[in-house]
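The sequence and structure come first.

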Amino acid sequence: MSIDTSSLKTDKKATMELLTDQTIDQRLESLLAQLSLEEKVRLLTGRDFWTTWPVEKIGLRRMLFSDGPTGVRGEVWDERQPSMNFPSATAISSSWDPAMADRLGAASAVEARRKGVDVVLGPTINLHRSPLGGRHFEAFSEDPVLTAELAAAYVAGVQRNGVGATPKHYVANDSETDRFTVDVKVGDRPLRELYLLAFEKAIVDSKAWLVMSAYNSVNGATATENELLETPLNTEWGFDGVVISDWTAVRSVESAKHSQDLVMPGPDGPWGPALVLAVKCGTVPEAAVDRKVLRILQLAARVGALEGFEPVAAEPAEQEEPLAFAREASVAGTVLVKNDGVLPLAPASVSSVAVIGHNARHARTQGGGSATVVPEKIVTPLDGIRAAFGPENVSYNVGAVVQEGIAELPLEQLRNPVTGGPGLRVRFFASTGKELFAEDRRSTALVWFGGDAPIAESSMVQFHTIYTPEESGTIRLGFSTVGHGRIFVDGVLAHEASIEATGTDLGAAFLAPPSASVPVAARAGVPLELTVELDLAGRTGALSNALAVTIGTEADNADPEALIAEAVAAAKAAEIAVVVVGTNSRVESEGYDRTTLELPGLQDRLVHAVAAANPRTVVVVNSGSPVLLPWRNEVAATLIGYFGGQEFGTALADILTGAAEPGGRLPTTWPATQEDVPVINTTPDADGRLEYDEGIHIGYRAWLKAGVAPAYEFGHGLGYTHWTLDAVETPGVEAPGTEAPGTVVPGAVVPLTVTLSNTGNRPGKQVVQVYAERPGSAVDRPVRWLVASAPVWAEPGETLTVVINVPTRLLAYWDNGWTYEPGNYRLRIGTSVTELPLETVLTLTDSNEDGAA
């Protein structure tokens, strides 16, 4: 029995809307007719790294794109133009709340409008196929249904405020190893039931204005030259937007024959004159070029970049205070996976707190790579805890070093030698020694993508500041970049080094380069004049007009045992120990996958030791995706805080003190050991192939099939109150075990009414999860799979009902079309993939009115 997939195409809801659309199409076609072939082709490649070409004669201005899954950077990577740093996608998905994702989208659009951005390059909705995936912090979940719900909500929020959203990376771009060349071999069923399903709702329901094609190949064809761009994207889902390439993903003029619309970045690229020639020679039809141009013009009309067309929203329709939202979102996405009763804490009754951990003071609020934004201020866990419990009651010890490479110098310890204010002077020089450009900056971690700095024209760039150390001793001063550089201390050359890029990934080499450093004797309060020079002559390639450099210090890890001993002593002396563990930018970032799920450094040893010293030890995990927690049974409580955004510390303090309840539930399985993980490989074979041979069994599906218990299962999470799930009712459906269960037709949406009660003594949140099972299926099925969920909130003692709609489409499997297997399906309802106290049965008939057969 197959559904006619043409039913998924977008229908116009009214004749007037249809007439309006026809009028717009006619006006766009009239503008198209004014353009020469060369002008049309030029529109299909970016003008520069972030913008498209304007065409004055038709009233088209440039459009500005910006990275932005959890913040919107804008045209320049500049601390002087800061951005909001919202919690990572894994934190948002842990809320299991589409309304929260919608609000994130709306807030991101407000940020975009503030920065003149027309299109946000997000959300990232690839799946957590293997926990080793290095970029999972930027994606939502291991489950396609949860991913699809949140992605669609995010897209709706962005576009309601008049900014384009860009679901990415289409498709099966679920790991970073050899991401430019890997050929993902995936069967039709997993491709449709998992990887494409994650994208579908954002296109069909939220009508995304763009989709980003990926670097990888799928079943032998690169994503930019793949038939998947047309089917299902256009022909089945009714996509009418722009397929924009990931940066440098288009490799040949061949891709112009496919449904790839826009090549980024520009101005150079594989289309341009080659595409003009291909059209004139007849190898690429001009109609294909016209379709692409019309879609770009339609995008311009939607975002207000085309004169004579009313934008979707001239001003943001919805705005809320961004810091308050960032704090609320971090609370909503924090997952309490263990609590023996130690939490929440009453600040008035706690006289001493030992805060321990490198990430407590140097928190990761976002992952590495192109999604990075520069916030104005970060509230660290240490900041938040000191504010909540009083600084006089809080001690701090690093415990174990997490940092790898160079960390930027604190702004408050820097003086610009030219202005006298905080910061540094940056100067670009020609080969003649002439100064070409100078600017005053407020950070020693600097990236130039666009902007006014003449990088390609310069021979050398110089960084000059006065740095005042806070402590006496030997420090390691250095720089992190790719190229040849020198560091001078008090006018004397201290070190000179050439740094080679590591690996083959261009983005990773640029944004996470190696470092060079030199030991320097420092005295507290005694200024050091610091000058770094980097040679720029001879740079070539795609990033020749871009530059990334961090100037600062390496962490002091000369005596790791002493660091642990000092932390243990502090924990023994305190009533409560809060240990913040986490990853670093060399572990979780765009451009490379992880090789291990272990926490970096000696953090596990640290937690074992602190827990042995203080039974009231609370651990906060500051990672964007799963890590191993070998001490989990030794500590009193564990919170998964992810990359919690710039209000991470404030949100954490709210949770620790009970001012707010941790609202998260795990969107991805957390393993007990790496050896237990059933799907883990992210490395292509010698021929560049990555086989998705696990089929439809990834994430919790694979764990259930393997029969192995993880540390914490999909959907798990605790709050500060207690709940009971009392009953489930479905119209026309009898209780399980009866002879006449209710029947439904394929394609229907079944409303489940779930009754549950907050039996505790404080308000709380619960996430009701619905899973389907099909024992005895004629085809391979997961043990169970998610089909619906809903977050609910209740006051103490309150009983409430929630209606959760279950689309029967999610009971179908793919067999050259969506195919329904008639018979009984068990629906199980609970609070995680294994905690499922309620159930009911649906019986699917063998036909419906829409033509399923």
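## Helix 5 and helix 6

In this predicted model, helix 5 passes helix 6 in a right-handed crossing, the hand being right when the near helix is turned clockwise from the far one by less than a right angle, and left when anticlockwise. Helices (H or I, at least four residues) and strands (E, at least two) are DSSP runs numbered from the N terminus. The two axes come within 7 Å of each other and cross at roughly 25 degrees, which makes helix 5 roughly parallel to helix 6; axes are lines fitted to C-alpha atoms, for helices over the stretch in contact, with angles from 0 to 180 degrees between N-to-C directions. Angles under 35 degrees count as roughly parallel, over 145 as roughly antiparallel, 65 to 115 as roughly perpendicular, and the rest as oblique.

The contact (heavy atoms within 4.5 Å) involves Pro144, Val145, Thr147, Ala148, Glu149, Ala151, Ala152 and Val155 on helix 5, facing Glu193, Leu194, Leu197, Ala198, Lys201 and Ala202 on helix 6. By class, these residues comprise 10 nonpolar, one polar and three charged, where Ala, Val, Leu, Ile, Met, Phe, Trp, Tyr, Cys and Pro count as nonpolar, Asp, Glu, Lys and Arg as charged, and the others, Gly among them, as polar.

## Helix 9 and helix 15

Helix 9 (residues 322-333) packs on helix 15 (residues 648-657) at about 55 degrees, with the axes 8 Å apart, and helix 9 is therefore oblique to helix 15. Their crossing is right-handed. Arg327, Ser330 and Val331 of helix 9 meet Phe648, Thr650, Ala651, Asp654 and Ile655 of helix 15, a contact that divides into four nonpolar, two polar and two charged residues.

## Cavities

The structure holds eight cavities of 30 Å³ or more, a cavity being a set of points, on a 1 Å grid over the protein atoms alone, where a 1.4 Å probe fits but cannot get out. Grid points are joined across faces, edges and corners, and volume is the space filled by probe spheres set on the points.

Helix 5 (144-160), helix 6 (188-204) and strand 32 (785-794) each supply at least two lining residues of the largest cavity, with helix 6 giving the most, three. This lining holds 11 nonpolar, no polar and five charged residues.

## Basis of the values

Residues are numbered from 1 along each chain as its sequence is written, and side-chain values use heavy atoms, with hydrogens and water left out. Because the model is predicted, local features need pLDDT of at least 70 and side-chain atom pairs count only at pLDDT 80 or more, whereas totals for chains, interfaces and linings use all residues.

Note on methods
On a 1 Å grid over the protein atoms alone, a cavity is a set of points where a 1.4 Å probe fits but cannot get out, and a pocket is an open set with protein on both sides within 12 Å along at least five of seven lines; lining residues have an atom within 4 Å of a point.
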